[in-house]
Amino acid sequence: MSNIVVTKIPHLMTLADLSVPQINRILAHSHHLKQQSTPWLLPHGTISRNKASKLRLPPQSLFNKTIALIFSKRSTRTRLAAETSAELLGGRALFLGKEDIQLGVNESYRDTARVIGGMTQGIFARVGDHSEIEELAKYSPVPVLNALSSLWHPSQVLADLMTLQENKASFRPLIEKESQPTGAPELDRPLTIAYVGDSANVLHDMLVTYPRLGHHLRVASPVQYRAPKEVWDRVVELGCDKGIWWGEDPREAVHGADVVVTDTWISMGQEAEKAERLQAFHGYQVTEQLCREGGAHHDWKFLHCLPRKPDEVDDEVFYGPRSLVYEEADNRKWTIMALFDMLFGKWNLLEEQPEKHKY
């Protein structure tokens, strides 16, 4: 085996850091890992001996490795996805909440990055201000993956894309085309995706991703809650602004939409602004009536990163047949597993060549 010399530690802060081939490679690997891993998670005895004999373990790229989960904010889906996927890859996820370590109390991000990076093989960090994870990445001797920051949420948008691909049959093709096997169920046509709500981290990664994949993004938010300059600069730098419509009227935003997305209007740390925000977002609740009046596509589907509050979307939509929210939540596991495998296990996330699967 030849020696591998790594010249640069790979980190991932946002999908804006990746090319379209790299994003597609992650998605293809996520689908592959889901197909490969799911049979192992079924109740014992439910698979025939013949099929069981042909099962292969998912890559054990984290064997004997530990991934540090530095979480300064609460988490359900991200933590569960990280801990369970690390286990499937043969490793361990070590949860480090804000009450568990000295970070922010007696120790700086610089010192924390060096100490934790010296004992683990990767850092998955859910922080407050984006500058905090940038500081971790600057001084960490191992890869750092953004689990959520004030500006970006890359793993969520990957899960959303994976969910849309798996539900491609819901989005009728504009024209019939010959399907080509690519390792993932790619969408047959560009989608019109409407986002109604606050310009927060999930939307920010949508802004730098969906237009590059050929999709049309229509956003409605109050003027005072638009994307910050540092985010919009990345949008323009990538040429994504040409594929984005932005206004204040949620009905106008959902016009022609195949998918309607919203998020919390009051993120953690914004509780003091609750009354002001609820007033500003009055009329933004996603409902059948809003989408009907706005002229959404008759087969439109709904996404939400969770947790959800009734102000943002009513029960009829959230629990109805249009909703893909629980599939979306489930897929957080497989996209995070792909990121862990490629970033922490193999250090090849930033490579451009297709992932080669051996079945």
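In which loop is the place of Pro 307? Pro 307 belongs to the loop between β9 (301-304) and α12 (315-318), where helices (H or I, at least four residues) and strands (E, at least two) are DSSP runs numbered from the N terminus. The peptide bond that leads from Leu 306 to Pro 307 is cis, with omega near -5°.

This is a predicted model, in which local features need pLDDT of at least 70 and side-chain atom pairs count only at pLDDT 80 or more, while totals for chains, interfaces and linings use all residues. Residues are numbered from 1 along each chain as its sequence is written, and side-chain values use heavy atoms, with hydrogens and water left out.

A further backbone detail concerns Asn 64, a residue other than glycine whose phi is positive, near 65°. Asn 64 lies in the loop that runs between α2 (49-53) and β1 (66-71).

**Domains and annotation**

The protein chain is divided into two domains, listed below; their bounds come from an automatic or database domain assignment.

| Domain | Residues |
|---|---|
| domain 1 | 11-43 + 52-152 + 332-344 |
| domain 2 | 156-172 + 186-330 |

Taken over C-alpha atoms, the centres of domain 1 and domain 2 are separated by 25 Å. An unreviewed UniProt entry annotates residues 11-166 as "domain: Aspartate/ornithine carbamoyltransferase carbamoyl-P binding"; UniProt positions are given in the numbering used here, feature names are shortened, and annotations may be inferred rather than shown by experiment. Over residues 11-166 the chain is 44% helix and 14% strand, and the end C-alpha atoms lie 28 Å apart.

**The interface**

In domain 1, 28 residues are in contact with 27 residues of domain 2, contact meaning heavy atoms within 4.5 Å. The area buried between domain 1 and domain 2 is about 2,500 Å², with carbon and sulfur atoms giving 62% of it; buried area is the accessible area (1.4 Å probe) that two parts lose on being put together, summed over both.

The rule finds 2 salt bridges across the interface of domain 1 and domain 2, each defined as a side-chain nitrogen of Lys or Arg within 4 Å of a carboxyl oxygen of Asp or Glu. The side chains of Asp 17 and Arg 234 meet in a salt bridge at 3.3 Å, N to O.

On the side of domain 1 that touches domain 2, α1 (20-37) and α13 (325-345) each supply at least two residues. The helix α1 gives the most to that side, with 8 residues.
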